[in-house]
Amino acid sequence: MMIVMKEGASKEQIDAVVKKVESVGASPHVSEGEVLTVIGAIGDRERIANLDLEGAPGVDRIVPIMKPYKLASKQFKHGEPTIVEVDGRRVGGSEFSLIAGPCTVESREQLLTTAEVVKECGASMLRGGAYKPRTSPYSFQGLGGEGLRLLAEAKEETGLPIVTELMDQRDLDAVLEVADVIQVGARNMQNYSLLAEIGRSGRPVLLKRGLAAQIEELLMAAEYVLKEGNDQVMLCERGIRTFETATRFTLDIMAIPVLKELSHLPVVVDPSHAAGKRDLVLPLSLAAAAAGADGIIVEVHNDPDAAICDGPQAVPTEAFAEYVGQVRAVAAIVGKELSAL
């Protein structure tokens with residue numbers, strides 16, 4: 001249920017509604033807009049239905065949320081999009097965020113060289129994996145703690161916020177020391193205990209869609225983070241597994257407008273993992289920008305041919321400036337400007 005307060009409702013009236021929601025064992029989630037305050041009541045449907053808040057002081061109206069994802073629903077924010085701010089960079093609204101860097105942190109030279117290039121070309125955040133989920137247990141799994149140390153150094157050198165993946169709750173504290181955004185990979189999208197821990201951390205989250213996940217399942221996964229009081233969630237379409245074998249995955253471009261219709265959360269697209277091929281990354285990026293995505297997370301490497309992980313899909317640093325120029329031009333057509341300080 002969504003309880004819409006009247007314009008100018010007092011703090012006492014809002015607090016009274018919050019207490020009444022809590023009195024039936026439900027969780028109140030207060031969202032304060034420029035004009036209206038909305039209180040989401042999450043919990044047992046029958047108990048919430050019996051709250052009898054119609055006509056209560058300061059209450060304008062009661063709106064039932066029929067979707068199973070309550071807090072991620074567009075209704076919850078009264079149609080207003082959420083804008084996630086990361087160290088001054090904004091994701092959502094009229095801004096387009098470009099998150100760029102290597103798939104995996106391999107060495108100091110590789111990371112710092114790439115970080116300097118992506119910063120110069122206009123990236124708003126630096127991506128890089130210290131821990132990597134791999135299909136084969138014999139593949140390179142990342143540098144772990146050393147990778148985090150190198151990411152911290154890259155942040156100090158460039159000033160770019162860090163986006164890095166968390167795979168295990170036991171590494172949460174170490175990742176929080178470095179990461180400005182915690183990435184949840186496709187294979188962990190339904191790791192609900194991990195999502196809850198990340199939600200309690202309060203750190204912004206980039207939540208990737210699972211390889212075979214429906215859009216509703218992605219939104220329900222986001223709900224696990226949101227229900228812990230963390231509203232800084234970005235959804236990421238990274239391609240799904242279909243019958244097609246010509247590409248690594250099938251990038252679901254339709255997911256962008258669908259998610260925009262269903263949810264207030266910003267939508268970021270990962271063209272690199274969907275494509276698996278460098279030549280496809282730019283066309284998919286342009287399509288994502290044209291479809292209304294709020295940003296792109298793209299792999300960039302200073303020497304892709306020598307990369308330990310996913311080299312064939314990485315944009316070379318020498319080609320990145322041209323890539324950014326084309327993406328910026330398409331984003332501008334749909335009214336979005338590249339987000340940067």
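**Group meeting talk: cores, pockets and salt bridges**

Let's start inside the protein: setting aside neighbours within four places in sequence, Leu-207 is in contact with Val-184, Met-189, Leu-195, Leu-218, Ala-221, Ala-222, Met-234, Leu-235 and Cys-236. Before I go on, please keep in mind that this is a predicted model.

Leu-207 belongs to the largest nonpolar core, which has 78 residues. Along with Val-298, Phe-320 and Tyr-323, Leu-207 is among those with the most contacts inside that core. Which helix gives the most to this core? Helix 7 does, with seven residues. There is also a second, separate core of 16 residues, and Met-5, Ala-26, Leu-53 and Val-59 are included in it. As background, nonpolar side chains tend to be buried together in soluble globular proteins.

Now to the pockets. Strand 2, residues 27–32, supplies the largest share of the lining, four residues. By class, that lining has nine nonpolar, nine polar and five charged residues.

Let me stop at Ser-31, which sits in strand 2. Is Ser-31 buried or exposed? Its relative accessibility is 15%, and buried means under 20%, so Ser-31 counts as buried. Beyond its close sequence neighbours within four places, Ser-31 is in contact with Leu-36, Thr-37, Val-38, Phe-76 and Lys-77.

The second largest pocket has a volume of about 350 Å³. It is lined by 17 residues, with Met-1, Gly-43, Arg-45, Ile-65 and Lys-70 closest to its centre. Strand 3, helix 2 and helix 7 each give two or more residues to this lining. Here the classes come out at 12 nonpolar, one polar and four charged residues.

On to charge. How many salt bridges does the count come to? The count is 19. Take Lys-11 and Asp-15, whose closest N and O atoms are 2.8 Å apart. These two are four residues apart in helix 1, so about one helical turn separates them. Lys-11 is exposed at 57% relative accessibility, while Asp-15 is partly exposed at 31%.

Asp-87 and Arg-89 pair with closest N and O atoms 3.7 Å apart. Asp-87 is partly exposed at 46%, whereas Arg-89 is buried at 7%.

And to finish, a network of salt bridges links Arg-108, Glu-146, Arg-149 and Glu-153. Thanks, everyone!

How values were computed. Residues are numbered from 1 along each chain as its sequence is written. This is a predicted model: local features need pLDDT of at least 70, side-chain atom pairs count only at pLDDT 80 or more; totals for chains, interfaces and linings use all residues. Side-chain values use heavy atoms; hydrogens and water are left out. Ala, Val, Leu, Ile, Met, Phe, Trp, Tyr, Cys and Pro count as nonpolar, Asp, Glu, Lys and Arg as charged, and the others, Gly among them, as polar. On a 1 Å grid over the protein atoms alone, a cavity is a set of points where a 1.4 Å probe fits but cannot get out, and a pocket is an open set with protein on both sides within 12 Å along at least five of seven lines; lining residues have an atom within 4 Å of a point. Grid points are joined across faces, edges and corners, and a volume is the space filled by probe spheres set on the points. A nonpolar core is a set of buried Ala, Val, Leu, Ile, Met, Phe, Trp, Tyr and Cys residues joined through side-chain atoms within 4.5 Å. Buried means under 20% relative accessible area, exposed over 50%, partly exposed in between (1.4 Å probe, protein chains only). Contact means heavy atoms within 4.5 Å. A salt bridge is a side-chain nitrogen of Lys or Arg within 4 Å of a carboxyl oxygen of Asp or Glu.
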